[in-house]
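Take a look at the chain below. Keep the sequence and the 3D view side by side as you read.

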Amino acid sequence: MRIVVAGATGVVGRQLVPMLSAAGHEVVALSRRPGPGTGSVRTVAVDALDREALGDAVREAKPDAVVHLLTAIPGDINPRRMERDFALTNRLRTEATRTLAEAARDAGGARLIAQGLAYAYEPSYGQGALAAESDPFWEHPPKEWATSLTALEELERLTAAADGLVLRFGHLYGPGTAYAADGATARQILAGKMPVVGDGGATFSFVHTFDAASAVLAALARPEVTGALNVVDEDPATVGDWLPATAALLGAPAPKHVPTALARLAAGAWGVAFMTRLRGATNARARKVLGWTPAHPSWRTGLVTG
């Protein structure tokens, strides 16, 4: 297959491109500043928010599939300034998705696979209840995150309209992510700036970037699969579990505990919700319909070590 990968130099794209090449696919790797092409990989420099340039790059490639991994998430995020920090990513999830879907259609009906999130689910169903793909997204999210959720919903709508597939990735870890040993989360933990908020009850479903990429590869082999799939590991964990364990892995002091009212002053409503209310997700459908299993079944074996 000839496959366009938009966002080829991101943390998932860097895992996916060599994986696709090794599997015998021809890859057209799109990014703002691509590296040199090798073998079956051709690189193309394009501004993903330049509608004409992005569309032309896809149409000229004449792909069998388009993989949308475009994000622009800053290394350090201020939870009180989510709209500002995610403004570019939100545009990529709306404007660029629309362009990619149209170009995929114009290129002969190429399949569209897009990166979504597995932690946007409505949290009111109760802690410990893992979310399936049929569960609704957050109905009344904290206002700092509302525009990001709207962008995610638009990405899913556009992908569904193209008969595509959204892979809802869990909290990504691995090289280049916030959870890597040199990433933003690890730095905060080492500095003692990431406490357990309230009961630490938010449930995180992690996924290694290698496993996110392998799910894309598996999905490419199953063109009949549409809709959305959770791509997460086998070990959902509350903040009260994974945060102290990660501090121990880093050799950092045990995280402090702070009440939600105090945390809200510092991190806002979204910062508190992120640490206390998120739902974990189940990967049961991805395992069943893709025959996919994560090579890293638990974050405990490598969250900050790769």
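Leaving aside its neighbours within four places in sequence, which residues is L243 in contact with? The answer is I189, M194, P195, V196, P255 and M275. Keep in mind that this is a predicted model.

**The nonpolar cores**

L243 belongs to the largest nonpolar core, which has 42 residues. Along with W145, F204, F206, W242 and L303, L243 touches the most other members. Helix 5, helix 6, strand 8, helix 8 and helix 9 each give two or more residues to this core. In soluble globular proteins, nonpolar side chains tend to be buried together.

**Aromatic rings**

The whole structure holds 13 aromatic pairs. One of them joins Y179 and W242: the ring centres are 5.9 Å apart and the planes meet at 75°, so this pair is edge-to-face. Y179 sits in the loop between strand 7 and helix 6, while W242 sits in helix 8, so the pair ties together parts that are 63 residues apart in sequence. Are these two residues buried or exposed? Both Y179 and W242 are buried. They also belong to one aromatic cluster, whose members include W138, W145, Y173, F204 and F206.

**Helix 5**

Helix 5 covers residues 143-161. How far apart should its ends be? At 1.5 Å a residue, its 19 residues should span 27 Å, and the end C-alpha atoms are 27 Å apart, so the two values agree. The buried residues of helix 5 include W145, L149, L152, L155 and L158. E144, E154 and E156 are buried there too. Just after the helix, D163 takes a positive phi of about 55°.

Strand 4 covers residues 65-68, and both of its faces are covered. A65 and V67 are buried on one side, V66 and H68 on the other. In a regular strand the side chains alternate between the two faces of the sheet. Strand 4 pairs with two strands, listed here.

| Partner of strand 4 | Residues | Direction | Bridges |
|---|---|---|---|
| Strand 1 | 2-6 | parallel | 4 |
| Strand 5 | 111-117 | parallel | 4 |

Which residue of strand 4 is the bridge partner of A6? It is H68. On the strand 5 side, V66 stands opposite L112.

Key
Residues are numbered from 1 along each chain as its sequence is written. This is a predicted model: local features need pLDDT of at least 70, side-chain atom pairs count only at pLDDT 80 or more; totals for chains, interfaces and linings use all residues. Side-chain values use heavy atoms; hydrogens and water are left out. Buried means under 20% relative accessible area, exposed over 50%, partly exposed in between (1.4 Å probe, protein chains only). Two strands pair if DSSP finds at least two bridges between them. Rings of Phe, Tyr and Trp (its six-membered ring) pair if their centres lie within 6.5 Å; planes under 30 degrees apart count as stacked, over 60 as edge-to-face and the rest as tilted. The expected span of a helix is 1.5 Å times one less than its number of residues. A nonpolar core is a set of buried Ala, Val, Leu, Ile, Met, Phe, Trp, Tyr and Cys residues joined through side-chain atoms within 4.5 Å. Contact means heavy atoms within 4.5 Å.
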